[in-house]
Amino acid sequence: MMIQFLDLRAAYIELKSEIDEAVNRVLSSGWYILGEEVDAFEKEYASFCETDYAVGVGNGLDALHLALLAMGIGEGDEVIAPSNTYIATWLAISQCGAIPVPVEPLEPTYNIDPRRIEEAITKKTKAIIPVHLYGQPADIDPVLGIANKYGLKVLEDAAQAHGARYKGKRIGGHGDAVAWSFYPGKNLGAMGDAGAVTTNDPEIADRIRVLRNYGSRVKYINEIKGFNSRLDPVQSAVLRVKLRYLDEWNTRRKKIAEKYFAVLKDFDLVLPDVPEWADPVWHLYVVQSENRDAIQRILKESGVETMLHYPIPPHLQDAYADSGYKNGSCPIAEKISQHVFSLPIGPHLKDIEQDSVVTAISRYP
């Protein structure tokens, strides 16, 4: 039995008739840039996230980038970001001409450690980006408290946290803005690249709408130097269908995670740690082992696909070689990168497939 890390085709097959109908609706409309389909998704997603506004953009990186620009982040500013995250979080900062300043995570949760943030703040600091990594909310209240104390903006990176809750409230509007990716493998995934920003701030929402559309509100009248990063109506139509099933599919993921906890607790693995205030959506089920490579090899030989999230932290990527970081600069993130691996999880993983994953792990001596 070959077990995919995530079966994207199964998601389409389950909703095929609804997705096909939605796509055909757009194709038949003759309207292929922005328009009613995008407007409808934005309203529906804002409502889902319990926020006032959602603005669709081309992808998750653009969501981060344009949100930072809308907050006034620019050349020479410093933005605090986790050392343990996907590189997109850092790239968005760099695209603004700003400087990412890494803060180490709480090792049990993998998310940014709020206790370390203040020591990273300087006169150049303008914003903080907490990441809700792997689908588990970061501890956002202390981050907001620090931001209020120093007059900083907070942009949440929720690319992996669609539907997650922090202290009972949906992720989507705790900070000044929240950036989302709808990359196909996300809990809410499109059929290609797509993204959005949610916010309760009408000025931020308005700036992003202008920035995404060549700096224009009215055709051929350009107020600022903008970008071309508009959510596609076809992707909007797909997302509207999938949004109706997101809570149900997240519940399926939670049941898979609960089974992993139950059957792996006696194995030589470090399992995820979930604070009592967090309601994660299990975009990923990430475990740690000092014998990761050997366990992964056994899983591969057993037909089980696993992945590393992430094998190289941003500060050690070649892209940031000119920033002066080296091995040992962020020891917690570096340790995590050497030990973590992700097990198959998704709304279409079958019981027999999950049993095979566990059986394969049990073969490790």
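**Notebook: the largest cavity**

I looked up which element gives the largest share of the lining of the largest cavity, and I found helix 9, with 4 residues. Helix 9 covers 246-264, and helix 1 (8-14) also supplies at least two residues of this lining. I noted that helices (H or I, at least four residues) and strands (E, at least two) are DSSP runs, numbered from the N terminus.

I am working with a predicted model, where local features need pLDDT of at least 70, side-chain atom pairs count only at pLDDT 80 or more, and totals for chains, interfaces and linings use all residues. Residues are numbered from 1 along each chain as its sequence is written, and side-chain values use heavy atoms, with hydrogens and water left out.

My terms came next. On a 1 Å grid over the protein atoms alone, a cavity is a set of points where a 1.4 Å probe fits but cannot get out, while a pocket is an open set with protein on both sides within 12 Å along at least five of seven lines; lining residues have an atom within 4 Å of a point. A volume is the space filled by probe spheres set on the points, with grid points joined across faces, edges and corners.

Back to the largest cavity: I read about 130 Å³ of space in it. Its lining has 17 residues, and Ala11, Lys186, Trp249, Arg253 and Pro347 lie nearest its centre. I sorted the lining by class and got 8 nonpolar, 5 polar and 4 charged residues. Here Ala, Val, Leu, Ile, Met, Phe, Trp, Tyr, Cys and Pro count as nonpolar, Asp, Glu, Lys and Arg as charged, and the others, Gly among them, as polar.

**The other cavities**

How many cavities of 30 Å³ or more does the structure hold? I counted 3.

**The pockets**

I then turned to the largest pocket, with a volume of about 760 Å³. It is lined by 35 residues, and Lys186 turns up among those nearest its centre, along with Tyr86, Tyr183, His283 and Tyr310. Helix 4 (60-70), helix 5 (88-95) and strand 8 (177-181) each supply at least two lining residues.

My last stop was the second largest pocket, at about 340 Å³. I found 6 nonpolar, 3 polar and 6 charged residues in its lining, and helix 7 gives the largest share, 4 residues.
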